[in-house]
Structures are given as C-alpha cells and as structure tokens.
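Welcome! Here is a short tour of a structure that may be new to you. Have a look at it first, and then follow the notes below.

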Protein chains: 2
Amino acid sequence: MNNLIVQKYGGTSVANTERFQAVADLVVSSINSGVNVVVVVSAMAGETQRLINLAKELQETPDPREYDALVSSGEQVSAALLALALKERNFLSKSYTAHQLGLKTDNSHGKARISSIDTDTLKKDIDSGIVPVVTGFQGVNASGDITTLGRGGSDTTAVALAVALKADECQIFTDVDGVYTTDPNVYKKAKKIEKICFEEMLELSSLGAKVLQIRSVEFASKYEMPVRVLSSFSSTGGTLITNEESGLESAVISGITCTDDDSKLILRNVPDTPGIAAKILSPISKAGIDIDVIVQNVGSDKLTDFTFTVKNEHSNKAAKILNDLVKTLGGGEIELVKDISKVSVVGVGMKSHAGVAARMFKALAEKQINIDMISTSEIKISVVVSKDKSKAAVTALHDEFELDK
Amino acid sequence: MNNLIVQKYGGTSVANTERFQAVADLVVSSINSGVNVVVVVSAMAGETQRLINLAKELQETPDPREYDALVSSGEQVSAALLALALKERNFLSKSYTAHQLGLKTDNSHGKARISSIDTDTLKKDIDSGIVPVVTGFQGVNASGDITTLGRGGSDTTAVALAVALKADECQIFTDVDGVYTTDPNVYKKAKKIEKICFEEMLELSSLGAKVLQIRSVEFASKYEMPVRVLSSFSSTGGTLITNEESGLESAVISGITCTDDDSKLILRNVPDTPGIAAKILSPISKAGIDIDVIVQNVGSDKLTDFTFTVKNEHSNKAAKILNDLVKTLGGGEIELVKDISKVSVVGVGMKSHAGVAARMFKALAEKQINIDMISTSEIKISVVVSKDKSKAAVTALHDEFELDK
C-alpha cells in the first residue's frame, strides 16, 4: 500500500503508561503528517523476563509450547494498552494477536520463522481509518499453537508486516537514536550514521544487534524494505537502512565494531595433512560451538599452526574437545587465550577503494597495537588484538578513516 | 464423557508459583484416583486488577474490545504456567485459550455469554492422556475478538465445559471449603453444608456469590451439572450442589443470609390509585437501579404506604427520583433509611413444612427484633430489620432451626 509506514515500538518505549502516552503521541503525529500507520509493539520492559522467571520456577527447562503461550501474553497486553491510548486520542484503533491476524510461522518454538501473513484484516482497517496495533514477537503454527520468534523478534514482525503490506518504510523505535560509527561507550567521537546499506548493516551486526535484530535486517534486505532506526525518547533523525549503495562518493568505511567476549584457541605443530581443518573444526561445530575467525599458517617440517576464535563462554569446552583431538591427530600443542578482541572496519566503499587494509594496519602499527589474526570479507576487515588494546584500536581506526567528520 | 471431572482453580488458588505447585499436585492426585481431568484457571490473584489499573491510566472508561483483550491475558499466563507444572510432574498437558478452543460467545464485551464450545480438541486430548488446561473467563465473538464473561466468569467457563463434555462433575476450587449455613463471620456456629440443591443455592446467592458466580449455578441448574465447591488450601469435603431435592427427611432450612448494604425507601400517604406501584417503580428501574424487597400497605382514606429496598450506593439517587415524582403523584412523604439489613432463611424443606414463617417471626420476637418488611418466595422468607439487629437475627434463626446440628 502506498503512503503506509509500519512502526515498531520496543520494550523500553512502552515500559509504563507514561511511555504508552508518549508512543501514542508519536503515532498520532505520524498520522497527522499524512501517512497511514500500522503499529507493532513489544512487551513492556521487564515483563517477558518476569514471565520467564515464573516459568523457570515451575520447570527448569520450560516446555517450548507452553513457554511461548506464556511469554506471548506480554505483547497482547502492550497492544491492547496502546490501542486504548489511541482511542483516548479519538483515533479508531484495534489490537491484534498473531491468532487474530493469521500470522503463521513454522513449528520452531522460541525461534519460529514467519511463513505467511494474512493482510486482509489490516488492509480493511487501514481503508476504514483504523490504526491496527499488532503484537510483535509472536506467531501461530499450523496446529494453532502460539509460537515466538526469538529475542528481538518484534523487529522481524514489523519488517515482515511492512513487506507483506508493501509499506513505504519500516520504522524501528527504540531507546537509542540510530546506528553509530562505533560504540559511543568505546569512543566518544562516535557519530550517528544517517544512511547505511543492508550489506554494511549486516556486517555491523555487533553494533546493530544492540539496536535491532539482525534477522530483521536480513529479511528487510531480501525484500528491499527500507528500515529506519529511531528513538522514541527524542526526535532526532535516526539511521536509514536501505538497499542503496552509497557509491564512489560515499565514505570508504561506515563503521567500526569491536567485541569483548571472544577467546582464541591456538593449535601448534599439528601434522599438515589434507583435511586437517575439517578434522579440527568438525567436533567443535558438532558441540554446538560457533567458530568465528579462522587462520591457518603454513608451518615448517610438514607441521602447521591453526588458530580460531570462539565466544568466551564456549572456550573451555572447545579446549577440552581439542585436547581429546590432538591424541588422534598425532601431535600438537594447544593454547587458550581468553583476553582478545575482534576489531572490524566495515564499508561498501572499500570495494572500490584499494589500500583500506594497508591504511588500517598502518594506523594500528603507529599505535603499537599488535595484530594477532586477520580476516577479510568483501566489505569488512577484522583484526584480532589483545583485549586491552581494543579501545585504542577503535580510536585509531575511527580517527584514521575520519568517521567523526 | 464418562469418568471426567472439570476442575476450576480461582485466582487465590494460583496466586504464586508455590500455589501452582499445590494445584498441580491436586490435579495429579485426582488423575491418580482414576478420573480424567480438564482444568480451568483464573488469572493469578491481583493480576486482573493490575491490568485494569494500567488500562484506566490510559483511558478512564476503557474501550470494551481492548479491555477484554487486555485482561484476558492473565488467564493465558495461568494456563501456561499450570501446564508447565503438570509437565514437570511427567504428565502430558496443553494450555488452551478461548481462541484455540473455539469457545464462542456473543458480542457483549465484559459480560459475554457462551454460545458454543468446540469440544473436539479436548476430547482428543483426553483420549491421548493429555491434561488440557483452559483459560477461564474468556471467549471469542463471531468477529474473532476476545470477549470476557464478567467477574467470576471462570466458574461459568468451567460449568459450560463440564456440560459440553458431559462431565460427571464440575469442581470449583477456591479459598473457602464450601457453602456455609450462614456467614461464619456473622455467627461462628455456621456449619458447612454438605449438599444443597440448585434452587436453594440460587436463593442463597448472597452467601454463594462469595464462593462462586451465581450465573454458573444457573447454568449448572439448567443442564443439571453437579457442582462441588472445594478449597484448594485444605482437603475437607466441600459442598455439593446438585439437582437432587433433599426430600422430607432433609432439613427445613439450609441456610441463612444477611445483607449489610441495603437502604429502605418509604413513601407515605400517596394516593391509592390503580397502577401506583408502576408509577413509582418505573422511573427507578429506568435509572438502572435494582429494586429488591417491595411492600405496599393498604393505608387509610384512599392513601397508601409504599416501601422498597435498594442497594446503599443507589439510595440517594432513588430518593431524588422519588422527590421529583411525588409532585406529579399529588402528594406523599419520602423517608430514606440507610441502616437496614435483609435477613433470609432458605430451604426447599419449607415447601413441605408448614409454620416456618411463624417459627421465624416468633424466634425474632423473643429477641425483641422488630421486623420492618416481610417478603416470601416458595423456598425463602426474607425480613428487613434494623442493621444493628442483623447479627442477633441471624444468630436467633440459626439456633431456632438448629443449623449447627
């Protein structure tokens, strides 16, 4: 539909009745500017956790079907409350659960994927001047059981609705006013990004994940739905995520991310036989541990060094698996280093600009920051550094690529 | 279905996770005794009020559709939590909302009437050894909107399900262990009634309303579904409400009720013309005020006295209406007495026992309790007395009819 915007308000945006009033005012102000609005809401901040705590008191690992039926109630409360606030402002409004809307998902409780949305009801409402308020985060499977889409799933609901309704834009209202060039807590010169393309946003996931669910960006990217991240607490401009590449004139680098919960596992002097990487990594993957950066160095004397990173929480388990493994590999020493950080520069601009890597490594060298590992993709270069150097690395790179300009 | 019991647990019975554990144990103990159980639950104590308060902060008179969508979430939480507690005890269990069950109602938000229940899902579950836990209080109208059945509506859900499933019995678990011969707070010799017929229970409404919703008794009476009131906090026997009349051998009187929120309005010396009662009472009814006991005395000289009772909260409004009215009636004086109490003796036994009224009036006279008004039905005699005498009246009658025996 033309002239339609889907707006999603997260838990902090609807934390109490004062916040519902503020959100209702934001919706009204959008409508008064001449657009139609469909609203998606999360549960009030803290509510989902309260329900999870209740569930865990009754069953340590709660049954997935009942867990979803339980936690989805929080969004139902929010949707009804916002509809009341809109009605109090003399707007027609109706709340909808996934059941009422026919928002179908697969059967994966707790991380369900949306399979179809019946938009008839919403379209009729919009045509009748009714503002629909839809429960985020929830769906219904083929058996009619309530499912949930996983943490941050309301973002995905909003993007999926925007796609299904062919909206002009999906606006994600949250408690920060956009995506920044780096975490402002790490470097105070971090600057809000006005516009960014889907590809960059996905690579900036560790920045973005604090702002919006990455799955919703994938979804938006696939269907080319523009997503705007905005604050419901201030009226600054936000960040627009679109499919437009910025082209030659754009900044080479759009953002810098850094992690603080990674570990490095080094396997030294393992026999350099074909398929050694698979032999090492398969048992780690099978244990459900995600592997991030992988580097293999050619060693000497038919021996090789093999290094990879995992999240801290999985490092001890991974080290144990490797210890069992080296016995069957015919040699090798294992080292586990917990205090590392992965610093990445991201930007579609680097596709067309040579020498980004060289500038990056030079800037780090000038600050005496040692690079442990390097990993590159078409629009991202990541380096692994000692954790105590990560802030300095972010600062150096932010200055080098002039992201505060 | 044979060998099936519907059990309803109210808000105080599921006030916290400890209570959910206790209720799950009660359900399990019933199942272990060899019956199939379908459970109906209310919202956790305080939860519905919490949601109502939120709604009222956003809209003084909340929109009925959204109000119902909002408050019905409390039962969804309870149903899921109880299902978790049953699963933790290794029983198959599934929670169901009205939507999922096809529990249809009319369109009267806030006081909807159940129109149909699709029992297929429940029957299949029972046949598969699954314990269904159904949200009380809620339904769905023809448009798919969530409706609620009014305060205490979970009792009605339970009785309606018991009727639809042709259960053997509907058990209402609450925080008192049954219906008493009178309010134990009024007379400590009050005794729990083991068995009572629907007719008596309906007349004992002012006692019963504290224990179970009267509409559910009407429903049970219509379909002859035995209802047992039990405490979820103790394992005493409860009260069975059935269609069996106790017959000749039964007690003459089964219970005594007294009210403490009635007012008496007296119209003296109004012209005794045909239709005077209608002229007086119509404007009161039209104002939405329920009239309880009505007495008209033949006066002298073509004048008559007319007295009736209303709830205290409506008494000033009723008096104002009468003041306007007497001007058009051609005379009359109005008196409003707020401190009155209606004391009633109830029992199907009085049908076959003459002299119950005489015994009642004599017992009251012996205690110097003055009777203001008298009203009788086939199985009830009510007297209006001064409020400061109501406890003495209940005590005298309880002793007279030996209800503690």
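**How the model is laid out**

Taken over C-alpha atoms, the centres of domain 1 of chain A and domain 2 of chain A are 35 Å apart. Please keep in mind that this is a predicted model. The domain assignment of chain A places domain 1 at residues 4-244 and domain 2 at residues 257-400.

**Where the two domains of chain A meet**

- In this contact, 12 residues of domain 1 of chain A meet 12 residues of domain 2 of chain A.
- On the domain 1 side, the elements of chain A that give two or more residues are helix H8 (198-203) and helix H9 (205-208).
- H8(A) gives the most to that side of domain 1, with three residues.
- Sorted by class, the side of domain 1 of chain A that touches domain 2 of chain A holds five nonpolar, three polar and four charged residues.

**Where chain A meets chain B**

- Chain A brings 29 residues to the contact, and chain B brings 29 residues as well.
- Which elements give two or more residues to the side of chain A that touches chain B? They are helix H1 (17-32), helix H2 (47-58), helix H3 (64-71), helix H4 (73-88), strand E3 (92-96) and helix H5 (98-101) of chain A.
- H4(A) gives the most to this side of chain A, with 10 residues.
- By class, the side of chain A that touches chain B is made up of 14 nonpolar, eight polar and seven charged residues.

**A closer look at A:Tyr9**

- You can find A:Tyr9 in strand E1 of chain A, which covers residues 4-9.
- Is A:Tyr9 buried or exposed? A:Tyr9 has 30 other C-beta atoms within 10 Å, so it is buried, the cut-off being 20 or more.
- Leaving aside residues up to four places away in sequence, A:Tyr9 touches A:Val14, A:Val23, A:Val39, A:Val41, A:Ser42, A:Phe173 and A:Ser232.
- A:Phe20 is 11 residues from A:Tyr9 along the chain, and 9.7 Å separate their C-alpha atoms.

**Helices H7 and H10 of chain A**

- Helix H7 (residues 153-164) and helix H10 (residues 214-222) of chain A have axes that come within 8 Å and cross at roughly 15°.
- Because angles under 35 degrees count as roughly parallel, H7(A) is roughly parallel to H10(A).
- H7(A) and H10(A) make a right-handed crossing.
- From H7(A), A:Asp155, A:Thr156, A:Val159 and A:Ala160 meet A:Arg215, A:Ser216, A:Phe219 and A:Ala220 from H10(A).
- The contact of H7(A) with H10(A) has four nonpolar, two polar and two charged residues by class.

**Helices H13 and H14 of chain A**

- Over in domain 2 of chain A, which spans 257-400, the axes of helix H13 (residues 356-366) and helix H14 (residues 390-400) of chain A come within 9 Å and cross at roughly 130°.
- That angle makes H13(A) oblique to H14(A).
- The crossing in which H13(A) passes H14(A) is right-handed.
- A:Arg359, A:Met360, A:Ala363 and A:Leu364 of H13(A) make the contact with A:Ala393, A:Ala396, A:Leu397 and A:Glu400 of H14(A).
- By class, the contact of H13(A) with H14(A) counts six nonpolar, no polar and two charged residues.

Terms used. Residues are numbered from 1 along each chain as its sequence is written. Chains are lettered from A and ligands numbered from 1 in the order in which they are written. This is a predicted model: local features need pLDDT of at least 70, side-chain atom pairs count only at pLDDT 80 or more; totals for chains, interfaces and linings use all residues. Domain bounds come from an automatic or database domain assignment. Two residues are in contact if their C-beta atoms, placed from the backbone, lie within 7 Å. Helices (H or I, at least four residues) and strands (E, at least two) are DSSP runs, numbered from the N terminus. Ala, Val, Leu, Ile, Met, Phe, Trp, Tyr, Cys and Pro count as nonpolar, Asp, Glu, Lys and Arg as charged, and the others, Gly among them, as polar. A residue is buried if 20 or more other C-beta atoms lie within 10 Å of its own, exposed if 12 or fewer, and partly exposed in between; C-beta atoms are placed from the backbone. Axes are lines fitted to C-alpha atoms, for helices over the stretch in contact, and angles run from 0 to 180 degrees between N-to-C directions. Angles under 35 degrees count as roughly parallel, over 145 as roughly antiparallel, 65 to 115 as roughly perpendicular and the rest as oblique. A crossing is left-handed if the near helix is turned anticlockwise from the far one by less than a right angle, and right-handed if clockwise.
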